[in-house]
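The entry is shown here for reference.

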Amino acid sequence: MAGTLSTKKAVIFDLDGTLSDSIASIKYSGDKALGEFGYGPFTEKQYKYFVGDGAANLVKRALTAGGDRELAHFEDAFERYTEIFKEYCMYQVKPYDGVRELLAALKERGVRLAVLSNKPHANTVNVIETLFGKDCFDKIQGQTEGIAIKPSPEGVFLILKEWEMTPEDILYLGDTATDMRTGKGAGAFTVGALWGFRERGELLEGGADALIRHPMELLEYL
């Protein structure tokens, strides 16, 4: 409804698997990097479980799945993945159906929008600005030194402090247990996205307050 005021002042979004369908870019970069060390290729389903806790953990999980349980190749493989992903972070990446409409509806209601991702910060900014423009989100926060990655709620608290808000002022939307723990750890109402990389059971186990099948359903919780 046009002009409707929200009881929430802001929504904090995860990126991969929530705003953007980016699994092709992650698989392409991962297979290309790990293939240089004799590992992979891995399936998209495997990558959906490798991701979520930062690039370093993705590479560790892939190496372990490939048989390098001692992570002997980790440092070199992580360096290569980082280099390759910089070039291919937008490879076949697209917004999920309904995301643009949700963002427009939230902005119409005066809700502030933030992204909090474990993807490296420069890549996070690149994806968001390419898909949604430079003025869509009020705050973009990717992985940077000095800020603990999710599921630490540190990134949420930093956004709240910058905006002079409380946890009760926000909704947190993500698609993994890591996201649910991040939102719950911050004291926020936390919603699981069923169109993303993980399953209903994981989201509930992670502490989701609600689950939605389509982005526009988020408006019901404002």
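Which residues are linked with Asp 14 in a network of salt bridges? Lys 150 and Asp 179 are the residues joined to Asp 14 in that network. The model is predicted, and the count of salt bridges in it comes to eleven.

**The pair Asp 14 and Lys 150**

- Asp 14 and Lys 150 form a salt bridge whose closest N and O atoms are 2.9 Å apart.
- Asp 14 counts as buried because its relative accessible area is 6%, under the 20% limit.
- Lys 150 is buried as well, at 3% relative accessibility.

**The pair Arg 80 and Glu 83**

- Arg 80 forms a salt bridge with Glu 83, and the closest N and O atoms lie 2.6 Å apart.
- Both residues belong to helix α4 (residues 74-88); they are three residues apart, so about one helical turn separates them.
- Arg 80 is partly exposed, with 25% relative accessible area, and Glu 83 is partly exposed at 38%.

**The pair Lys 139 and Glu 162**

- A salt bridge joins Lys 139 to Glu 162, with 3.0 Å between the closest N and O atoms.
- Lys 139 lies in strand β5 and Glu 162 in helix α7, 23 residues apart, and the pair links distant parts of the chain.

**Fold and dimensions**

- The protein chain contains nine helices and eight strands.
- Its radius of gyration is 17 Å, which agrees with the value near 17 Å for a compact globule of 222 residues.
- The C-alpha trace spans about 55 × 30 × 30 Å along its principal axes.
- Of the contacts between residues at least 6 apart in sequence, 64% join residues at least 24 apart.

**Surface and charge**

- Buried residues account for 52% of the 222 residues in the protein chain.
- The accessible surface of the protein chain is about 10,100 Å², and carbon and sulfur atoms contribute 49% of that area.
- The protein chain carries 26 positive and 34 negative side chains, and the centres of these two sets are 2 Å apart.

How values were computed
Residues numbered from 1 in each chain as written. Predicted model: local features only at pLDDT ≥ 70, side-chain atom pairs only at ≥ 80, totals over all residues. Heavy atoms only, no water. Salt bridge = Lys/Arg side-chain N within 4 Å of Asp/Glu carboxyl O. Buried < 20%, exposed > 50% of the residue type's maximum accessible area, 1.4 Å probe, protein only. Helix = DSSP H or I, 4+ residues; strand = E, 2+ residues; numbered from the N terminus. Rg over C-alpha atoms; globule rule 2.2 N^0.38 Å. Contact = heavy atoms within 4.5 Å. Areas by Shrake-Rupley, 256 points an atom, 1.4 Å probe, with all protein chains shown as cover. Lys, Arg positive; Asp, Glu negative; His and termini not counted. Charge placed at Lys NZ, Arg CZ, Asp CG, Glu CD.
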